[in-house]
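Biologist: Hi! Could you walk me through this structure?
Modeller: Happy to. Let's have it on screen.

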Amino acid sequence: MTFLEMLQDAQQRNASMLCVGLDPEPRKFPAAMRGDPSRIHEFCARIVDATADLAIAFKPQIAYFAAHRAEEQLERLIAHMRRVAPHVPVILDAKRGDIGSTAEQYAVEAFERYGADAVTLSPFMGFDSVQPYLKYEGKGAFLLCRTSNPGGDDLQNQRLASVDGSPLLYEHVARLASGPWNTNGQLGLVVGATYPAEIERVRALAPKLPLLIPGVGAQGGDAAATVRAGWRADAPIVVNSSRAILYASSGDDFADAARREAMKTRDALKAAKR
Ligand SMILES: O=c1ccn([C@@H]2O[C@H](COP(=O)(O)O)[C@@H](O)[C@H]2O)c(=O)[nH]1
């Protein structure tokens, strides 16, 4: 099964466009676990158990594990996801980008060490920095295109006078990803929910690509506007929320509260479909 097929399957099974983001911060854990990095796996596994039937994907952000020397806990967490939610794809949010020989090692890390189904990448260093990931048949790669943060404007909204039609940089990335770079149909794009007009523009330039859309929940992106701008029956959108779900409660009921928040977000996304 290709990554795109996995997404379509999970979207149908769980009636969901919601990606549950796993950004564990021990200082935000409930009192019994607070400040203890050795409980990262346990905390995240409880979130996974509580949301497995609500998600189109899980997205662990690698920095939250590496910062606490918790890579081994991330390995165990992904193995846990495979056991309890075998139909939910795992997107490793690593935002890698380096020369080909180094990218090969990052690809081994994402797909062989962690066994992720897809990875996030920066396209800034060009196609040869993306190619090593595409050698992994069936795996996906989401290229940063129009990110959710305000500073994304600094580069992504600059006009490229040297390219036909003088597109904005993010528009050029969208064109490359849906055209010449997408040699085996493995690419998707990252577009922030905080910029629905740009989601619409990216969707027009890349009508068939899956879009990973972070920015609802803690960053305040509009779930309904996101769906209206990006949803297509034949190209999944994967709308990520991390903190709003993980820390819906700081008490012992955190997993139940996470489930309620995830269900609310999933249902709001579903209701906005045209
Ligand atoms: O443009 C981007 C790309 C990636 N992210 C990542 O998504 C989550 C968002 O977390 P929230 O708590 O839901 O705000 C986080 O892991 C970011 O690194 C993004 O926000 N924007």
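Biologist: Which residues of H9 meet H10 here?
Modeller: On the H9 side they are Pro196, Ile199, Glu200 and Arg203. They meet Ala225, Thr226, Ala229 and Gly230 in H10. Keep in mind that this is a predicted model.

Biologist: And what classes of residue make up that contact of H9 with H10?
Modeller: There are four nonpolar, two polar and two charged residues.

Biologist: At what angle do H9 and H10 pack?
Modeller: The angle is about 20°, and their axes are 8 Å apart. Angles under 35 degrees count as roughly parallel, so H9 and H10 are roughly parallel to each other. Their crossing is right-handed.

Biologist: Okay, what about H8 and H9, how do their axes cross?
Modeller: The axes of H8 (residues 169–178) and H9 cross at roughly 35° and come within 9 Å. This crossing of H8 and H9 is right-handed.

Biologist: Which residues meet there, between H8 and H9?
Modeller: From H8 you have Tyr170, Glu171, Ala174, Arg175 and Ser178, and from H9 Glu198, Arg201, Val202 and Leu205. By class, the contact of H8 with H9 has four nonpolar, one polar and four charged residues.

Biologist: Where does H9 lie on the strands?
Modeller: H9, residues 196–205, lies across S5 (140–146), S6 (187–191) and S7 (211–214). H9 runs at about 160° to S6.

Biologist: Let's do the sheet then. What order do the strands come in?
Modeller: The order is S2-S1-S8-S7-S6-S5-S4-S3, in an open sheet of eight strands with parallel pairing. At the edges sit S2 (57–60) and S3 (91–96), each of which pairs on one side only. From one strand to the next, the twist averages 30°.

Biologist: Remind me, what do strands of a sheet pair through?
Modeller: They pair through backbone hydrogen bonds, and the pairing can be parallel or antiparallel.

Biologist: How many bridges join S1 to S8?
Modeller: Three bridges do that, linking S1 (residues 18–22) with S8 (residues 237–241), and the two strands run parallel. If you want a spot to look at, Leu18 stands opposite Val239 in S8.

Biologist: Which strands does H12 touch?
Modeller: H12, residues 254–271, packs on the sheet and touches S1 and S8. Its direction makes about 145° with that of S1.

Biologist: New topic: how do H2 and H4 pack?
Modeller: H2 (residues 40–51) and H4 (residues 71–84) pack at an angle of about 20°, and their axes are 10 Å apart. H2 and H4 are therefore roughly parallel to each other. Their crossing is right-handed.

Biologist: Who makes that contact of H2 and H4, residue by residue, and which classes are they?
Modeller: H2 brings Ile40, His41, Cys44, Ala45, Val48 and Asp49, while H4 brings Gln73, Arg76, Leu77, His80, Met81 and Val84. That gives seven nonpolar, three polar and two charged residues in the contact of H2 with H4.

Biologist: Last one! How many residues surround the ligand?
Modeller: The ligand is surrounded by 17 residues, and the closest are Thr147, Ser148, Pro214, Ser242 and Arg243. The shell around the ligand divides into three nonpolar, 11 polar and three charged residues.

How values were computed:
Residues are numbered from 1 along each chain as its sequence is written. This is a predicted model: local features need pLDDT of at least 70, side-chain atom pairs count only at pLDDT 80 or more; totals for chains, interfaces and linings use all residues. A residue is near a molecule or strand if its C-beta atom, placed from the backbone, lies within 6 Å of it. Ala, Val, Leu, Ile, Met, Phe, Trp, Tyr, Cys and Pro count as nonpolar, Asp, Glu, Lys and Arg as charged, and the others, Gly among them, as polar. Two strands pair if DSSP finds at least two bridges between them. Helices (H or I, at least four residues) and strands (E, at least two) are DSSP runs, numbered from the N terminus. Axes are lines fitted to C-alpha atoms, for helices over the stretch in contact, and angles run from 0 to 180 degrees between N-to-C directions. Two residues are in contact if their C-beta atoms, placed from the backbone, lie within 7 Å. Angles under 35 degrees count as roughly parallel, over 145 as roughly antiparallel, 65 to 115 as roughly perpendicular and the rest as oblique. A crossing is left-handed if the near helix is turned anticlockwise from the far one by less than a right angle, and right-handed if clockwise.
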